[in-house]
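Please walk through this model with the coordinates open.

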Amino acid sequence: MSYEGEMLKKMLMPLKTEVEKELLKTLFRHNGVVKEFSTGEEIVNEIADTFLLNEAQRIIPLERIYRKENRIVKTPLWHRLLFRAADSLANNHLIIKPTIAQKLTSKKEWMLTEKGFDKALELLNIPIEKKDFLPIKSYEVEKEKKRLTEKSAPDNYDPIGTKKKTIITKESNIRFRGFRHAIIESYDYRCCVCGLKIKSPNLLTWEVEAAHIVSHTKNGKDDIWNGLALCHLHHWAFDVGWFSFTDDYKILISSQSKKLPNDFGKIGELNFFGNSLIENKIILLPENKKLFPHEKSIEWHRQNIFYK
Ligand SMILES: [Zn+2]
């Protein structure tokens, strides 16, 4: 047995395969990314806590002799074990190494891949159907989000794409999730109409939805210029035509609202139109102008969906 192997055994350290599983679960809890391991990094202790490691197990050093330079390097045994587990996950394409992730996000972090995300769901007994609405971004989804938010709208932008296939492929799912993350992040997780920003009590999901302006059923494109972040209520109201926008992003309310019976759209004092949907008010928009909804998309909504 190697010196390192003997030390692991002597110190009753967890098995590498167990550390791998815990690492995947930790990545899941941290939205798919954790900082590169180094001394003093919280994540190193967080994973140690899950194994109830004692102080000695956390700090005992492993001495390695660098023959070329004739010096001894001491690394905590626990760090070595973490690195080895992470390395093995990366070799099996379940996570991405910090050096590669850095090229995408400019941050030295370990990142979950789609394969690793699926494995984490399995380990945590979370149904795969929940995946679409979780805030976790895999490497592949982050890449798609980056593609969507960094390109410029073409001169002759058309929000309607070619007829879509109804079969959901792995690629179309990544495209959809990339669209969703690109939209809700650009709008800072707020409804662009009422500003609501809230998560579920378990902090796993955001209330806000990424809405298509030209709907999916009308072959609306999954790109940033055909999207808006809306709360559930305003998403519904937008899709049925209760409101739309002018080209300069001011809210237009359907004239039908004036014909509503007095008690409609009201819950006690709370008035749907009066309190959360204000005529002529400019909606909340992304910081970057390049990410604003395209006038062609809004025009289509005004002409085809808005109930004047
Ligand atoms: Zn809203």
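What follows is a short tour of a predicted model.

Begin with the open sheet. It has three strands in the order S1-S5-S4, and the pairing is antiparallel. Strand S1 (33–35) and strand S4 (95–96) are the edge strands, each pairing on one side only. S4 and strand S5 (residues 109–112) run antiparallel and are joined by two bridges. Look for Ile96, which stands opposite Met111 in S5.

Next, the helix over this sheet. H2 lies across S1, S4 and S5. Its direction is at about 105 degrees to S1.

The axes of helix H2 (residues 16–29) and helix H7 (residues 114–123) come within 9 Å and cross at roughly 100 degrees. Angles of 65 to 115 degrees count as roughly perpendicular, so H2 and H7 are roughly perpendicular to each other. H2 brings Lys21, Leu24, Lys25, Leu27 and Phe28 to the contact. H7 brings Gly116, Lys119, Ala120 and Leu123. By class, this contact of H2 with H7 has five nonpolar, one polar and three charged residues.

Now turn to the hairpin of S2 and S3. Strand S2 (residues 61–66) and strand S3 (residues 71–76) run antiparallel, joined by six bridges. Arg64 has Val73 in S3 as its bridge partner. Four residues lie between the strands of the hairpin. In this hairpin, Asn70 takes a positive phi near 55 degrees.

How many of the six residues in S2 are buried? The count is zero, and S2 is hardly covered.

Notes. Residues are numbered from 1 along each chain as its sequence is written. This is a predicted model: local features need pLDDT of at least 70, side-chain atom pairs count only at pLDDT 80 or more; totals for chains, interfaces and linings use all residues. Axes are lines fitted to C-alpha atoms, for helices over the stretch in contact, and angles run from 0 to 180 degrees between N-to-C directions. Angles under 35 degrees count as roughly parallel, over 145 as roughly antiparallel, 65 to 115 as roughly perpendicular and the rest as oblique. Two residues are in contact if their C-beta atoms, placed from the backbone, lie within 7 Å. Ala, Val, Leu, Ile, Met, Phe, Trp, Tyr, Cys and Pro count as nonpolar, Asp, Glu, Lys and Arg as charged, and the others, Gly among them, as polar. Two strands pair if DSSP finds at least two bridges between them. A residue is buried if 20 or more other C-beta atoms lie within 10 Å of its own, exposed if 12 or fewer, and partly exposed in between; C-beta atoms are placed from the backbone.
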